Every structure is written in structure tokens, then in C-alpha cells.
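Please read each point against the structure itself.

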Amino acid sequence: MNIPERIAQELHVNVNHVQNVIALLDEGNTVPFIARYRKEMHGTMDDQIIRQLADRLAYLRGLEARKEDVLRAIEEQGALTDALRAAVERAATLTEVEDLYLPFRPKRRTRASIAREKGLEPLAQALRRGSDQPAEQLAARFVRAEAGVETAREALDGALDILAEDCSVDAALRAHLRALLRATGELTAEGKDAADTVYAQYSAFRSAVRRLQSHQILALNRGEREKILKINILCDEDAARQLIARTVYRNPHPYAAELSAMCADAWKRLLFPSLSRELRKELTDDANEKAIATFALNLRPLLLQPPIKNRVVLGFDPAYRTGCKLAVVDATGAVLDTAVIYPTPPHSKTEEAARTLDALCRRHGVTCVALGNGTASRESEQFLTDFIRESGLPLSYMVVSEAGASVYSASKLGAQEFPTFDVSLRSAVSIARRLQDPLAELVKIDPKAIGIGQYQHDMPQARLSQTLDGVVEDCVNAVGVDLNTASPSLLEHVSGISPALAKNIAAYREENGAFPSRSHLRKVPKLGPKAFEQCAGFLRVAESAEVLDATAVHPESYAAAKLLLTLCGYTEADVRARRLDDLGRRMRETGTEALAARCGVGVPTLTDIAAELQKPGRDPRDELPAPLLRSADVMTLEQLKPGMEVVGTVRNVCDFGAFVDIGVHEDGLVHISQLSRKFVRHPSDVVRVGDVVKAVVLSVDTGKKRIGLSMKQVRQ
């Protein structure tokens, strides 16, 4: 089975579509461009499927390259047989290939290699075949002082070492033992000093390998690295030795006792250490992939949270001693004013702080406050709610995650944007903009620093970055970017635009003024035809004389879009005035397929064009539920009681449940068992980051600051 056929089978898609996507990727097309503008070639796969395809393609191509290297290395040793070649070519995973290569891999000196140097290979094979001579007598023939074999016992031990190593590199045997270890293996953990740590639940832990959860594996690995936990793998050793024995000999055998001891040695000294390390790595790799997938799953809805449009927002970065930093930004994100107030201990200047806050809100027409959730957030929220209640201003607020704000504030980008601001004032601006337009602000921060997912610092960083960068790219291109207002950090995530090209676009815009149309992009230095093809459809120019420049219609389809309008009895003026509500009906009456043929495009492309003409410049985030804004009501952890019904926003989703912000500073946990009355395979099947949910308080531990919630007990 070739690579396209295999991918098609695994992803349950058409093999011709797979071949087309592979060709498009090889031509340098980006995933967002392929997903959006080449639908006829791939059967309308979404960007996530195309990324899976690209990942699988890279793995399988790497597998084929490794097979070629292995076959070449074995052939150079003169050991390549037709059967071995067929086995390597048939291997479906890198593990299988490496198992087949193991006997031929250059090795350091071992007990077996030393025995071979002493000429004991024939004795090893004689022992395996069997003989009517006693083992010691058979071995005596190989005693040669000049070869370093002084006694028959030494000869016998050396021959058994050779057989043990032969067992350890037997690909078929390793596969059977690997399967046994996965099926019957158990992982145990113990830690005498773990009771008062976050690893308390693993201080006397035992679980079947096949039942281990990814978050448990990552926690155990971290505890082991920190030398708090000691981890062991247990297995059915009798079954393992029997498997090895059946590979070497059949009973009755004249040397059964010697060979049985050899099998035990091969398992304990060679096979079990190697296979248990393999198993730990396999478990860790699988847990990492699942954690990365969960991270990506959380990042997508976080980036696509609906913006708070046309509102003047005040960013409130709480602190104690150094004071709370305030920044007012207008509807476009431009900073209007800043201030520092001291309403929290040790200063507690609440009256002075209220006067400053009141002046800022009235002067600039602030209607919404974004409050950071960091240090002193609890006290700042109390001050803010008291202020809202007493001032009578039409203010609402939302607690916004500060994760990564300090990273942005201290970054080169933060310094370039606000060279005269100190680090905390930059944080206040970032907090305000996160509420105003989460996507535009969060792209400035390394996705790993945004504060979602599990154990992100333990992940393979290159793989994590690759996955998260892909999510950011998909989100930015799904929403589209205003060419005349987007920052370079946002532009560089647009399909086909590199960081250097993003800077060139911003520099050209600064020097020549706003882009009057998409076509003017071609004048940007180093932005060639391929880059223009990839990026043009994702960039919007609302002020352009060409109405289609404000839509997601690609310039290559402008002629088709205009012909569609004509055939359905519309004009470009109707598009500007949004008078195309009847377009769908007219297309059906004429026949969508016939229209597509006349316009020279496929049905999927024509459908996308029609959707854009009906809602030019639409933001897909507008169709999502609005963020949960709070007014003057605030509750403390101590006021929560079991049975209370609360409303909150999902902040994080992980393997074992979802964390929900219910407005008491500490997020509550809805365990996977409490998410729904129905069976839940994974929490992401029920909730996602940003969802506003109702829950019932199950338990409150004020000492440990833990809140247990249930969504399945909410009154219907």
C-alpha cells in the first residue's frame, strides 16, 4: 500500500483527494489556503484534517527514508536477504524497522560479543540444537587458553550469553513481549516524602498499563524527575520467560535446564530493561500527543472568543505594593489614557483610587473593564464592584486571564509598541485588548504562555510549537485580517506571510499610507506572486473601491463572483447595500451546478462566494455567544455553599474535567463524571474554553481553595 492509499484509509477520505492535497503541499501551498480555496481538489476537508494529513505524510515519508537507510546499512554488511528486505519494506512503524535492524546495528562490546570473539558461536548453536552429550562435556571441546576460555563452565556461560543476546534482538520475539507488557504490565509509584506535595495521590500508586490516563503519566514523569516518586514497571515474568523459551527450544530438550536459565537471564538483563524503557517512552509520547491535542483544542476557542466591539475598555492590572495599573483603550485598541491607583493593601487608598477611576471612566466614556486575574485580583475585584455599585456608572467587567501578559510586556514587541510605558502599564493595555479583540492580542504571545492545557513545559517543545502555531494560523485566517490596521504580529500568521514580509507590509503602509486595494499588495517589496496568491483572500480592505476586497472571495474568483451577480440579477451596489437576501433562492431556481459551470468554478467555491456576497466582511466570531460580563455582584469563596447554582466561563479543559471561572477568584472543577448525565468520552465533547455554563456547587474546601462543581445536577 503506497502512502496516499494508506493515509486515505486511516483518515477515511478519498485517495484522489489525498493525492491532490499532497501535491498542493509539495507546491508550497499553506493549509489555510488549501482548505479555503482548493475545496474541489480535496472534497471540502477542513483545516484540521489537512493538518492531520500533513503530519501523517511527514511521518510516513520519514519511515520510508529510514527503511532505505536500514536496507543500505544491512546490505553493506552483506547480510541482506530477500526475506529481510521484504520484512523491512512491510514494516508499518519505525519501531518495527528498528527491531529488524537491531541485530545489525553497531554495538558496544558486550558479554555476547566477547564470547563470539572467543569462538563460542558454534557452541551456542550446538546447545540450541541439542545433543546426547552432557552440556559440560560439549562445552569442554571449546576450552582454549589462548582464546581466553579456561574452563568448560566459562565456555558454557559464554555460549548462553550469545543465545541471550540473540533473543534480545529477535524482532518477532520483541513484538510478542511488547504486546505482553502492554496487556499485563502494571506501573507502580511510591514516594515516602510525597504526602505533602502535589504528588500525594501517587505516593502509593498502582495501575494497569493499559488503563493509565495521559495526565497521570505526565504527573508521574514529573514527580520522578523531581526525585519525589520512584516508578517501576511490573509484568507477568513467567509468561515472558515462557515466550522466550518457545522461541529457543521445545521440550523435551537435553539442555532444558541451561536454556531455561538463559531465558530468565535474557529477560531480566536484556529484554525487560529495554522493553520497559520502550514502554515508558511510548506511554510518554502518547501522553504528550494527547496533551498537545488538548492544548490545541483549548487554544482554538480561546482565540476565537467573540470580541467586544465598539466599546471603550479600561484594562485593570491588579497589584499590592506597586499599585494597580490602569489603561484606557478606544474601540480600535489605541491607548487614550493611563493611571496608577492604590486601592489594595498595604496602601488601601480606596477613596483616592475611586476618584481617579471615576474621572477616567467619565472622561473617556468607559463602559467595560477588563480585570486581570493575577496577584491582588480578589481585592481589586471587590474594590471594582463597590465602585460600580456606588458610582452609578453603566459599567460591566470581566475577569481576564493574565497568562502571558508579563511575557508580552517584557518582550521586544511590547517595547516597540509602547517604548515610554513601563512593563506593568503594557500589561494593562494587553489585558484591555484581550477583552476587546482576543485574537489580535493573543497572537503577540507565545501560545505556550497563554495558560491553557496541561504540563506544557514538559512537552516536546518543537512539536508543541508546531501544533499551536498551526492553530493560531487557522484561527487568524478563518477570521480574516484588516490589511490597514493589523499589526505585524497578526499579519505574520496570515497564510503565505512570513515575519519579514509582515514587517515589509507594515513599513510600506507607514510610508505610503493605507492600502487602497488588495492589488496594491503586489507593490510591497519581496511579496511575489506565490505569496500574493496565498495571502490575498485572507486580507480585507474595507475602504477599497472594489467591493470584493472586503470579503473572503479570492481575487482569482472575482470574475466568477461578478458573473454570479449578473446571472442572478444583482449588481455590486446590492452587495454594498446588503440586498442579497434572496440570492440563495435565485441560485436554486437557476441550478447551483449549472451556475458553477457557467462561472467556471466548482460548486463548493460558488457556495462560498455566495455566502460572502450575502455577508461581506462578516466576522465568524459574531455568531458565537457573547462573553459573560459581570456587574456589581461579587461572591467570596466562603459564601459558596453546596447546592448553590452558579454561572461561569470555562477557562480550561483537560483529560479529567473542566475548570470554570464562577467569579470567586478560584476556578471550580467540573470532573468528567459530573459533566453530563450521558457517558462522556472526553470533556471536550461537552464543553470548550469560553463556554458560559451553569453548574451546581458540590463541595468547597476553603483551606485548599478547591471548588467541586457539577453540570449534570443543574435543574432543567
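1. The side chain of R621 makes a polar contact with the side chain of D619 at 2.8 Å, a polar contact being a pair of N or O atoms within 3.5 Å, where, within protein, one must be able to donate a hydrogen and the other to accept it, and residues adjacent in sequence count only if both atoms are side-chain atoms. A polar contact, likewise at 2.8 Å, joins the side chain of R621 to the side chain of D437. R621 itself is found in the loop between helix 30 (603–614) and strand 11, with helices (H or I, at least four residues) and strands (E, at least two) taken as DSSP runs numbered from the N terminus. With a relative accessibility of 6%, R621 counts as buried, where buried means under 20% relative accessible area, exposed over 50%, and partly exposed in between (1.4 Å probe, protein chains only). Once its neighbours within four places in sequence are left aside, R621 is in contact with L304, Q305, P306, P307, D437, L439 and V479, contact meaning heavy atoms within 4.5 Å.

2. On the basis of these values: this is a predicted model, in which local features need pLDDT of at least 70 and side-chain atom pairs count only at pLDDT 80 or more, whereas totals for chains, interfaces and linings use all residues. Residues are numbered from 1 along each chain as its sequence is written, and side-chain values use heavy atoms, with hydrogens and water left out.

3. S710 has its place in strand 15 (residues 706–710) and is buried, with a relative accessible area of 0%. The side chain of S710 reaches the backbone nitrogen of K712 at 3.3 Å, and a polar atom of that S710 side chain lies 3.2 Å from the backbone nitrogen of Q713. Apart from neighbours within four places in sequence, S710 is in contact with V670, Q674, A695, V696 and L698. As for Q201, this residue and S710 are 509 residues apart in sequence and 22 Å apart in space, C-alpha to C-alpha.

4. How many disulfides does the count come to? With a disulfide defined as a pair of cysteine sulfur atoms within 2.5 Å, the count comes to zero. C475 is in no disulfide, the nearest cysteine sulfur being that of C535, 19 Å away; C475 is buried, with a relative accessible area of 0%. C568 is in no disulfide either, and the nearest cysteine sulfur, that of C599, is 7.8 Å away, while C568 counts as buried at 5% relative accessibility.

5. Two cavities of 30 Å³ or more are held in the structure. On a 1 Å grid over the protein atoms alone, a cavity is a set of points where a 1.4 Å probe fits but cannot get out, and lining residues have an atom within 4 Å of a point; grid points are joined across faces, edges and corners, and a volume is the space filled by probe spheres set on the points. The largest cavity has about 40 Å³ of space and is lined by L187, I217, L220, N221, I231, R280 and L283. The elements giving two or more residues to this lining are helix 13 (214–225) and helix 15 (256–303), and helix 13 supplies the largest share, three residues. This lining divides into five nonpolar residues, one polar and one charged, with Ala, Val, Leu, Ile, Met, Phe, Trp, Tyr, Cys and Pro counted as nonpolar, Asp, Glu, Lys and Arg as charged, and the others, Gly among them, as polar.

6. The second largest cavity has about 30 Å³ of space, and its lining is made up of M398, V399, L628, R630, T649, R651 and D661. Strand 8 (396–400) and strand 11 (645–654) are the elements that give two or more residues to the lining of the second largest cavity, which divides into three nonpolar residues, one polar and three charged.

7. Some backbone details deserve a check. The peptide bond from N251 to P252 is cis, with omega near -5 degrees, and P252 is found in the loop between helix 14 (237–248) and helix 15. N310, although not a glycine, has a positive phi of about 55 degrees, and N310 is exposed, with a relative accessible area of 69%.

Definitions and conventions. On a 1 Å grid over the protein atoms alone, a cavity is a set of points where a 1.4 Å probe fits but cannot get out, and a pocket is an open set with protein on both sides within 12 Å along at least five of seven lines; lining residues have an atom within 4 Å of a point.
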